[in-house]
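Take a look at the chain below. We'll walk through a few of its parts, one neighbourhood after another.

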Amino acid sequence: MARTDTFTGLSEFLAVAELGSFRAAAARLRVTPAAVSQAVRTLETRVGMPLFLRTTRSVAATEAGARLLLRLRPAAAEIGEALEDLNALQNRPAGMLRLSVPRIALDLVIWCALPRFRRAYPAIRIELDVNDASVDLMESGFDAGIRMGSYIERDMVAVRLTRDFRCCVIGSPDYFAAHGEPRTPKDLLEHECISYRHPSAKTIYRWQFQENGREFSVDPEGSIVVNDHLSMIALAKAGVGLAYTADLVAARELSVGAVRSVLRRCLPTVEGLYLYFPSRSQTQPKLRAFIDFLMRTRSRDGVGSATR
């Protein structure tokens, strides 16, 4: 025997009990009176007793029907309120928004945007996972992530958050005073360099350069390997060695002279930071609110908000 859904016939029963008419119930439910009658008969067969006393002039609930109505009416009201709450989300975004971000996005995007976003949308809670490794958003349960454009899968929707990065090789004034400045990329082989290991790929990053239309890379020597850019900048600032990073990431240290940039003429530009997410996720009110907020913020701050 095929299983019957618990809710089968209940909406028809409630409509008939409240309106006292199969025809009126059918009009409310936008079905035929025969369909309502069949649904109620099926429900009566399932519970093993009649729920209505029918005459040609009226319909009245039996004792069993009255008892069932007494229990169902508050439950139906609760279900209706639950559906109204979902509808309200469209106008008042709420819920938990889970974001995966690299450390470099904290200072460039998160610290300035998140306090303002929370004031604008107090019903949205934020879970921030700071991780430089690439993650599968759907598999890991994240609503969205922030990454450099070159690390984002092409099937994702990506919204620009920063301008493109200009790569830079930085060192402290004390380091350069003791060891001199490299004049060409090959000179880096004679310097102490701080290496970067990709958290996901586990490979050491090769420093990229371009000169006379030719692209090439250098594997500099060094005794320290880290897996995040902020650590590299801190070590370079302390005079430990040279670091290969991005101008926006080291902007504060560069602006106050804590580090200097060298080899500028032969350093490339790479894609900046993007907010990214699966296409179907952007219909979520909480994520849509965050996307729109960041795009307004970036536009006001003079940074493009193009989507790719």
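Let's start where helix 1 (residues 10-19) packs against helix 3 (residues 33-47): the angle is about 110° and the axes are 8 Å apart. That makes helix 1 roughly perpendicular to helix 3 (65 to 115 degrees counts as roughly perpendicular). Axes here are lines fitted to C-alpha atoms, for helices over the stretch in contact, and angles run from 0 to 180 degrees between N-to-C directions. Helix 1 brings L10, E12, F13 and V16 to the contact, and helix 3 brings V36, A39, V40 and L43 (contact means heavy atoms within 4.5 Å).

A word on ground rules: this is a predicted model, where local features need pLDDT of at least 70 and side-chain atom pairs count only at pLDDT 80 or more, while totals for chains, interfaces and linings use all residues. Residues are numbered from 1 along each chain as its sequence is written, and side-chain values use heavy atoms, with hydrogens and water left out. Helices (H or I, at least four residues) and strands (E, at least two) are DSSP runs, numbered from the N terminus.

Back on helix 1, the buried residues are L10, E12, F13, L14, A15 and V16 (buried means under 20% relative accessible area, with a 1.4 Å probe and protein chains only). Just past this helix, G20 has a positive phi of about 70°.

Next up is an open sheet of five strands, in the order 4-3-5-15-6 and with mixed pairing. Its edges are strand 4 (124-130) and strand 6 (157-160), each pairing on one side only. From one strand to the next, the twist averages 25°. Two strands pair if DSSP finds at least two bridges between them.

Strand 6 runs antiparallel to strand 15 (residues 273-277), and four bridges join them. Here V157 sits opposite F277 of strand 15. Helix 5 lies across strands 3, 4, 5 and 15, at about 170° to strand 4.

## Helix 8 and its surroundings

Which residues of helix 8 (residues 229-237) are buried? They are H229, M232, I233 and A236. Seen down the helix axis, these buried residues fall within an arc of 95°, so they line one face of helix 8; the arc is that of the directions from the axis to the C-beta atoms. Their cover includes helix 5 (104-120), strand 7 (165-171) and helix 9 (251-255).

At the start of helix 8, a side-chain oxygen of D228 comes to within 3.1 Å of the backbone nitrogen of L230. Just after the helix, G239 takes a positive phi of about 85°.

Conventions:
Buried < 20%, exposed > 50% of the residue type's maximum accessible area, 1.4 Å probe, protein only. Polar contact = N/O pair within 3.5 Å; in protein donor to acceptor, adjacent residues only side chain to side chain. Parallel < 35°, antiparallel > 145°, perpendicular 65-115°, else oblique.
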